Amino acid sequence: MALDRTPPPNDLNAFWMPFTANRQFKKAPRMFVAAEGMYYTTSDGRQVLDGTAGLWCCNAGHKRPRIVEAIQRQAAELDYAPAFQMGHPLAFELANRLIGIAPENMDHVFFANSGSESVETALKIAIAWHRARGEGSRTRLIGRERGYHGVNFGGISVGGIVNNRRMFGSLLTGVDHLPNTHLPENAWTKGQPAHGAHLADELERIVALHGAETIAACIVEPVAGSTGVLLPPKGYLERLREICTRHGILLIFDEVITGFGRLGSPFAAQHMDVLPDMITCAKGLTNGVIPMGAVLTTAEIHDAFMQGPEHLIELFHGYTYSGNPIASAAGIATLETYREDALFERCAEIAPYWQEALHSLKGTRHVIDIRNMGLIGAIELEPLAGAPTKRAFSAFLEAYEKGVLIRTTGDIIALSPPLIVEKPQIDRIVETIGTVLTALD
Ligand SMILES: Cc1ncc(COP(=O)(O)O)c(C=O)c1O
């Protein structure tokens with residue numbers, strides 16, 4: 001008989017954790033075992049206030065009954081249907097509902113299972129679209145320094161976070177990057193900063209360098225989240241749109257964190273009044289409950305593929321779990337929850353309070369900048385000399401001990417509470433951070 005190599009259930013060794021300091025974690029694990037509303041419950045029975053909506057994804061808060069019931073019902077009814085050459089009604093219904101809340105130029109939805117896959121999908125559609133229209137030389141992709149577009153090869157190629165790129169050998173060729181939008185003169189700005197619209201003109205320089213006829217698409221996060229919340233200067237996205245249009249370049253908004261109400265509108269595109277050609281989304285699409293991502297496109301992009309004999313596949317791309325029935329059920333229930341509770345409007349209402357609460361930390365020890373928009377916030381810390389990221393990581397650990405979940409990236413505390421957050425909970429998040437920073441080396 002083969003030896004049973006199964007470690008005991010509570011052994012922490014086998015699971016190689018993502019984007020985690022594994023050795024540190026396994027010495028002092030932080031485990032969540034339950035969640036409801038604004039709170040997590042830890043394995044030692046403590047309540048932890050969620051200042052990050054999980055990972056920017058549980059926009060409606062935790063354990064929402066409608067979503068829980070929809071998943072349970074769907075698992076018992078139709079667990080899986082082949083995603084290729086077969087359909088099931090809920091994927092179509094979810095696509096329709098998404099179009100219902102999307103910017104007016106979005107007419108079609110391609111489903112994926114994560115933000116990373118949505119990005120790969122959008123980049124591939126962009127290149128294939130130009131080719132389908134007879135502009136096959138347009139293969140170059142433009143991203144932005146400090147951008148985050150997930151962790152697959154396309155995403156890290158257009159992304160601009162060095163740690164996510166440098167270990168992984170050759171990335172996509174034919175990629176260029178715009179400068180990031182972070183300018184020192186914008187420090188302490190509330191909302192969109194005043195300076196920096198001209199940074200979009202760098203796209204003109206890239207066009208002049210390579211020729212517009214080589215460029216397929218430009219992808220940016222309307223608000224760069226994972227790098228530590230960098231906001232678009234006033235006029236910047238508008239100018240990017242204008243340059244893309246002038247040169248026939250598709251503009252992709254990666255709305256994996258800004259989608260689903262984070263800025264007070266369904267998508268940032270509506271909040272900023274700038275229409276991209278494609279939107280990638282994930283996370284809040286299912287309230288983080290079941291993995292799902294999506295790419296929204298215009299009819300112009302979709303229709304260019306609907307050519308040739310009808311029995312042929314038009315786009316050689318897709319995933320086993322594209323539009324998975326349980327994910328679709330979760331997505332529909334999530335959108336219903338957002339609507340019933342008017343959560344996008346709620347975000348817009350509470351955002352001014354959030355802004356003032358966050359900026360009240362100006363003058364707190366170690367704080368060198370504070371930025372915010374919608375229910376997003378960032379508190380940038382002076383790095384500990386010789387040990388970048390350590391101070392922020394210590395703040396994260398201390399806040400967790402005090403019952404508040406924050407997130408850090410580099411030396412920046414990034415905050416994104418669920419859209420159901422109440423004013424006293426905002427106060428608690430901010431007070432806890434203040435106390436923690438004041439006591440920290
Ligand atoms: C803007 C953006 N794009 C893509 C991703 C990747 O999403 P996922 O982790 O679901 O692959 C993220 C994740 O944080 C993101 O913020």
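## Basis of the model

The model is predicted: local features need pLDDT of at least 70, side-chain atom pairs count only at pLDDT 80 or more, and totals for chains, interfaces and linings use all residues. Residue numbers start from 1 along each chain as its sequence is written.

## Overall build

The protein has 14 helices and 15 strands. These are DSSP runs, numbered from the N terminus: helices are H or I with at least four residues, strands are E with at least two. The C-alpha atoms fill a box of roughly 65 × 60 × 50 Å along the principal axes.

The radius of gyration is 22 Å, which agrees with the value near 22 Å for a compact globule of 441 residues. That radius is taken over C-alpha atoms, and the globule rule is 2.2 Å times the number of residues to the power 0.38.

Of the 441 residues, 47% are buried. Buried means 20 or more other C-beta atoms within 10 Å of the residue's own; exposed means 12 or fewer, and partly exposed lies in between, with C-beta atoms placed from the backbone. Among contacts with a separation of 6 or more, 72% join residues 24 or more positions apart. A contact needs C-beta atoms, placed from the backbone, within 7 Å.

## Two domains

Domain 1 covers 22–63 + 342–439, and domain 2 covers 68–340. Such bounds come from an automatic or database domain assignment. The C-alpha centres of the two domains lie 26 Å apart.

Across the boundary, 32 residues of domain 1 are in contact with 29 residues of domain 2. On the domain 1 side, helix H12 (343–359) is among the elements that give two or more residues. H12 gives the largest share, 7 residues. This side divides into 17 nonpolar, 10 polar and 5 charged residues. Nonpolar covers Ala, Val, Leu, Ile, Met, Phe, Trp, Tyr, Cys and Pro; charged covers Asp, Glu, Lys and Arg; the others, Gly among them, are polar.

## Around the ligand

The ligand is surrounded by 14 residues, and the closest are Ser114, Gly115, Ser116, Gly150 and Val256. Helix H5 (residues 115–132) gives the largest share of the shell, 3 residues. The shell holds 5 nonpolar, 7 polar and 2 charged residues.

## Two loop residues

Most residues other than glycine have a negative phi. Lys283 has a positive phi of about 35°. Lys283 lies in the loop between strand E9 (278–281) and strand E10 (293–297). Lys283 counts as buried because it has 28 C-beta neighbours inside 10 Å.

His366 also has a positive phi, of about 75°. His366 sits in the loop between H12 and E11. With 19 other C-beta atoms within 10 Å, His366 is partly exposed.

How values were computed: A residue is near a molecule or strand if its C-beta atom, placed from the backbone, lies within 6 Å of it. Two residues are in contact if their C-beta atoms, placed from the backbone, lie within 7 Å.
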